[in-house]
Amino acid sequence: MEDIKKRILDKIKPSDEEREYLTKVADELMYKIDSITFKVGLMGVKTQLVGSAARGTWISGTHDLDIFIMFPDDTSREDLESYGLSVGRQIAKEAQEWDEHYAEHPYVKMKYGGFDVDLVPCYSVSSASCILSAVDRTPFHNEFIKANLSGREDDVLLLKQFMKGTGVYGSELKTEGFSGYLTELLVISYGSFEKVLEAASEWRPGVLLDLMEHGAQKFEDPLVVIDPTDPRRNVAAALSLDKFCTFIDVSRSFLEDSDESMFFASQEPPMSDAELLDRMDLRGTSMVAIVFKTPDVVDDIFYPQFAKMEHSIVPLLEKNEFTVLKAGKWSGGNSVVFLELMSRTLPDVKRHRGPPVWVRSHAEAFRSKYVDNPDAYSLTIQEGFYVAEIPRKYTDAVNLLESEVAGCSLGKHISKSVKEGFTVLGGEQILDLKDEGVRSFLNGWL
């Protein structure tokens with residue numbers, strides 16, 4: 001284990017030169033911000049480097065800087081947003097590229113000196129329990145990690161890289177995994193990289209970690225890690241049950257057989273037409289894909305809507321008696337929802353059970369509707385109920401989706417994109433999807 005850890009750290013731990021350059025760029029940016037705020041008379045505004053760059057827990061080659069512009073807590077929200085953006089825009093004049101982004105309030109994102117830099121305005125509050133915006137907690141996270149992690153930064157680097165390699169790292173809505181702050185708290189809680197894996201091997205939904213013993217909180221998430229700086233918050237709230245269980249699985253696997261390759265994800269190679277056809281033929285199922293143009297919105301808006309779309313389409317198919325074995329989704333320039341069905345087609349006849357015969361008024365109405373109906377195949381009594389055999393509205397899943405998808409609960413931006421045009425592909429038509437990213441996804445998904 002020690003040899004493996006050393007080899008991994010040799011690959012992922014930043015060099016002294018990297019650290020020096022990061023410090024130089026961060027100091028340069030904070031000096032520029034301080035100069036601007038001083039010139040325009042913004043009294044009491046401070047700057048602070050936060051996140052893994054400030055805590056020494058960043059992986060080599062990860063060039064992210066989060067710099068907070070901290071305004072006094074009596075600043076109005078309007079002034080915080082306008083002055084925060086104004087300062088960010090002035091700094092961005094020297095950037096390679098930049099853009100304005102919007103979370104709870106606007107901030108500037110730019111490329112500067114080879115780094116992806118976020119310039120985020122926030123309030124300087126006395127404690128995390130007094131926050132005025134969600135980002136106000138972050139400086140307190142910095143203080144807690146620096147005070148409690150000392151000497152175990154390498155363990156965090158190993159844990160982060162292991163989570164990246166096994167596909168569970170990242171708390172964004174696209175991934176629903178472990179955040180960087182969460183990895184740091186896990187190492188502080190359990191003591192080391194190995195001990196985190198050993199503990200995770202025994203996890204089951206409902207694990208509670210409360211480092212500061214704030215007391216029991218009512219959270220329903222699979223993993224609950226009470227934020228040491230704010231007991232109202234579960235740091236692991238973004239972690240999905242599947243990613244939680246995946247981490248349990250890979251922790252057990254690594255401890256049983258310490259395979260270095262688990263630290264470095266290898267993307268599945270794209271499938272050729274022949275390989276994709278062979279795989280579909282071998283499975284003997286029916287593949288369907290819904291393709292639409294990806295809306296031009298940030299990931300935190302798009303991915304919840306994408307999940308909502310998937311969760312609406314599966315019940316639509318099942319309501320119409322198509323058996324869905326699994327669903328998956330991929331996004332690039334176009335977005336695709338993939339569905340694997342037991343069968344794409346169903347027989348024309350469908351059983352429609354009516355009321356019990358003894359519920360006279362309803363029973364007679366049902367009987368009169370179908371007894372002499374030329375479109376009905378038959379009307380019988382089974383176990384006391386009238387049962388009509390009638391034509392099915394949709395016998396082909398592709399026809400169903402073409403007719404009904406736009407009416408599903410899709411979310412504002414996806415709904416607009418779908419209404420502007422979408423395609424449903426079935427069987428060999430899926431070969432029309434030539435993007436290497438799609439073919440790589442299908443290789444892993446199938």
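β13 joins strand β14 (residues 385–391) through five bridges, in the antiparallel sense. Strands pair if DSSP finds at least two bridges between them. Q382 faces F385 of β14 across this pairing. The model is predicted: local features need pLDDT of at least 70, side-chain atom pairs count only at pLDDT 80 or more, and totals for chains, interfaces and linings use all residues. Numbering starts from 1 along each chain as its sequence is written, and side-chain values use heavy atoms, with hydrogens and water left out.

The open sheet has three strands in the order β12-β14-β13, paired antiparallel. β12 (349–356) and β13 (378–382) are its edge strands, each pairing on one side only. Neighbouring strands are turned by 30 degrees against each other on average, direction ignored. Helix α12 (residues 360–370) lies across β12, β13 and β14, at about 150 degrees to β12. Angles run from 0 to 180 degrees between N-to-C directions of axes fitted to C-alpha atoms, for helices over the stretch in contact. Helices (H or I, at least four residues) and strands (E, at least two) are DSSP runs, numbered from the N terminus.

## Hairpin

Strands β7 (residues 223–227) and β8 (residues 230–234) pair antiparallel over two bridges. They form a hairpin with two residues between them. D227 stands opposite D230 in β8.

## Helix pair

The axes of helices α5 (residues 138–149) and α7 (residues 180–190) come within 10 Å and cross at roughly 30 degrees. That makes α5 roughly parallel to α7 (angles under 35 degrees). In α5, H141, F144, I145, N148 and L149 meet Y181, E184, L185, V187 and I188 of α7 (contact: heavy atoms within 4.5 Å).

How values were computed:
Angles under 35 degrees count as roughly parallel, over 145 as roughly antiparallel, 65 to 115 as roughly perpendicular and the rest as oblique.
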